[in-house]
Amino acid sequence: MSTAPAPGPRDPKPDPSDRPEPKPKPALIFDDPLDQQSADDTDRGWGERGPSGGSAADLARFLDEKPPHHI
């Protein structure tokens, strides 16, 4: 009996440099969420139109917002 390794293919030992790098964990953010402005804090969040500079836009807004008893 011989102590020499058997000839033929063998499973190679995994090389540590062949392993994929682990993904970094997402950073935890401890900011106060109430310090950030939400969409409801703006006029646009409530459905308001942005500022416009034309008189036609002002008339359109007036007609859109006019109560029904003013028609």
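Visitor: Where does glycine 45 lie relative to α1?
Guide: Glycine 45 sits in the segment before α1; helices here are DSSP runs of H or I with at least four residues, strands are E runs of at least two, and both are numbered from the N terminus. The model is predicted: local features need pLDDT of at least 70 and side-chain atom pairs pLDDT 80 or more, while totals for chains, interfaces and linings use all residues. Residues are numbered from 1 along each chain as its sequence is written, and side-chain values use heavy atoms, without hydrogens and water.

Visitor: What does glycine 45 touch, leaving out residues up to four places away in sequence?
Guide: Ala39 and Asp40, where contact means heavy atoms within 4.5 Å.

Visitor: How many helices and strands does the protein chain have?
Guide: One helix and zero strands.

Visitor: And what share of the chain counts as buried?
Guide: Of its 71 residues, 0%. Buried means under 20% relative accessible area, exposed over 50%, and partly exposed in between, with a 1.4 Å probe and protein chains only. Glycine 45 is partly exposed, at 37%.

Visitor: Switching to salt bridges, how many are there?
Guide: One, counting a side-chain nitrogen of Lys or Arg within 4 Å of a carboxyl oxygen of Asp or Glu.

Visitor: Which side chains meet in that salt bridge?
Guide: Those of glutamate 65 and arginine 61, at 3.0 Å from N to O. Both residues lie in helix α1, four residues apart, about one turn of the helix.

Visitor: Which residues does helix α1 span?
Guide: Residues 55-65, and phenylalanine 62 is among them.
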